[in-house]
Amino acid sequence: MDAEVVDLLIIGAGMAGLTAGTRAVRSGLSVVLVDTSTDVGGSARFAGYAWTAPSHDIMDRHNPGGDLALKRALVDRFDEGVSWIRSTGVEVKDAQRILSFGRGHQFDTGHYLDTCRRLILDGGGRLLLAAHTEHLLTEHGAVVGARLRSADGTHKNVGARATLLATGGFQGDPALRTAHVHPHADRMELRSNPDSRGGGYRLATGVGAATGHADAGFYGHLIPSRTPFTDPVDFVDLSLYYSEHALLFNLRNERFVDETLGDHLTSMALLEQPGSRGLLIADARVFRDWIVGSYVEGAVAVDKFALASKRGGRVGLAEDLDELAFLPEEWGYRGEAIRDGVRRFNEGVSAGLATAPGRELDPLPLDEPPYYVIETAPAITFPFHGVRIDDRARVLAENGEPLPGLLAAGSDTGGLWHRAYAGGIASALVFGLTAADTAAASARHP
């Protein structure tokens with residue numbers, strides 16, 4: 001093959017790719033890192049925590065449909081991943097609780113990503129930005145590199161003993177979203193960088209890679225409807241995390257999900273409702289304790305109700321329960337039915353009766369006026385459907401065997417999450433390190 005040959009070619013310079021590249025150069029491997037963007041980092045720049053379930057039992061309870069080997073690897077290798085971040089010189093805060101069940105650490109993801117870039121370059125690795133991977137190169141059934149096109153239109157082959165796909169998923173491609181997430185997935189705002197358009201997914205399936213279940217779901221959060229993102233800081237500021245303590249009604253004026261199990265789970269449920277939008281109702285307690293509070297310790301608190309109003313979202317303030325009956329008709333809800341639904345809920349939980357759907361983690365009534373109303377819709381960060389891998393980050397063929405020479409990590413992969421979630425940054429970190437270690441083992445014992 002008329003091409004330069006390296007130990008590890010990495011396609012995608014986000015959390016998984018940069019982590020793998022740094023580990024690889026530290027292991028003495030030659031590395032080329034390619035990305036379609038003009039900068040590194042991807043969606044990881046908008047994060048701030050690495051977290052996951054603290055034990056196998058908790059992971060299984062919250063993600064029962066996920067691939068067992070991948071779940072075990074993530075939990076078992078997470079602490080090593082945190083130690084790895086510290087080894088690069090980036091400060092990592094002490095462990096803290098995340099969501100209702102997770103454990104994780106706050107760190108400056110931007111600093112980490114930039115540090116990885118510097119370490120890769122200082123270690124002799126090369127970084128090719130604004131470069132597109134046209135297809136993977138194969139010989140005798142093994143992946144042996146890729147055909148690249150640079151920003152000026154020139155082409156080159158880069159041979160590799162191992163090739164890692166880490167392009168960040170396909171959330172930026174509406175066609176792939178509707179095909180593999182939900183028929184209405186194209187309705188959602190993109191809570192992610194726009195460059196993750198399925199590059200890794202298409203490259204892998206083009207050489208026979210297996211993919212996960214089409215109904216696996218997605219990771220995202222509720223945001224005010226009719227309120228597009230204008231800046232990456234909106235990904236956090238407009239996310240209505242407090243929905244876990246509020247009540248959500250669909251266009252049939254009915255509750256349809258246990259909101260308390262997690263805003264990220266409620267987002268998947270709302271996508272499947274009529275119009276993929278709903279009415280989020282909070283009272284003064286929820287406003288005081290959750291709307292204007294920090295979602296996790298150390299996060300900046302934002303008054304999400306005020307921000308939604310400022311940005312032109314459908315919001316309203318009812319001084320008492322009866323005022324909920326006067327919702328604007330053009331919103332499409334029956335105000336009296338919403339009022340009565342909140343009243344029935346309050347009466348039931350106050351009497352100690354079970355509600356349907358239940359309220360496992362916050363059974364308190366919403367009976368402290370005023371009431372804060374925001375119409376909401378789901379936004380997607382990345383899909384759970386993706387390329388299947390084993391616990392060594394090796395891409396699997398349809399027959400379940402590894403495709404020689406091909407690895408994947410981060411949001412390009414599928415199988416780990418099935419309508420459940422416990423940490424995307426943690427997964428990219430752990431399997432990025434794993435992929436580099438697999439490549440290093442292959443380089444030592446070809």
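Let's start with one spot in a sheet: Gln96 stands opposite Gly104, a residue of strand β5. Keep in mind that this is a predicted model.

**Strand β5 and its partners**
- One partner is β4 (residues 96–98), which runs antiparallel to β5 and is joined to it by 3 bridges.
- β4 and β5 make a hairpin with 3 residues between them. In that turn, Leu99 has a positive phi of about 55 degrees.
- β3 (residues 49–52) also pairs with β5, again in the antiparallel sense, over 4 bridges. Tyr49 has Gln106 of β5 as its bridge partner.

**Aromatic pairs**
- Searching the whole structure turns up 14 aromatic pairs.
- Phe46 and Phe235 are one of them, sitting edge-to-face at 5.1 Å centre to centre, with 75 degrees between the planes.
- Phe46 is in the loop between β2 and β3 while Phe235 is in helix α7, so this pair ties together parts 189 residues apart in sequence.
- Phe46 is partly exposed at 29% relative accessibility, whereas Phe235 is buried at 9%.
- Phe305 and Tyr372 also pair edge-to-face, at 5.1 Å centre to centre and 85 degrees between the planes.
- Phe305 is buried at 12% relative accessibility, and Tyr372 is buried at 11%.

**An aromatic cluster**
- Trp51, Phe101, Tyr219, Phe382, Phe384, Trp417 and Tyr421 come together in one aromatic cluster.

Technical notes
Residues numbered from 1 in each chain as written. Predicted model: local features only at pLDDT ≥ 70, side-chain atom pairs only at ≥ 80, totals over all residues. Heavy atoms only, no water. Pairing = 2+ DSSP bridges. Helix = DSSP H or I, 4+ residues; strand = E, 2+ residues; numbered from the N terminus. Phe/Tyr/Trp six-rings, centres within 6.5 Å; stacked < 30°, edge-to-face > 60°. Buried < 20%, exposed > 50% of the residue type's maximum accessible area, 1.4 Å probe, protein only.
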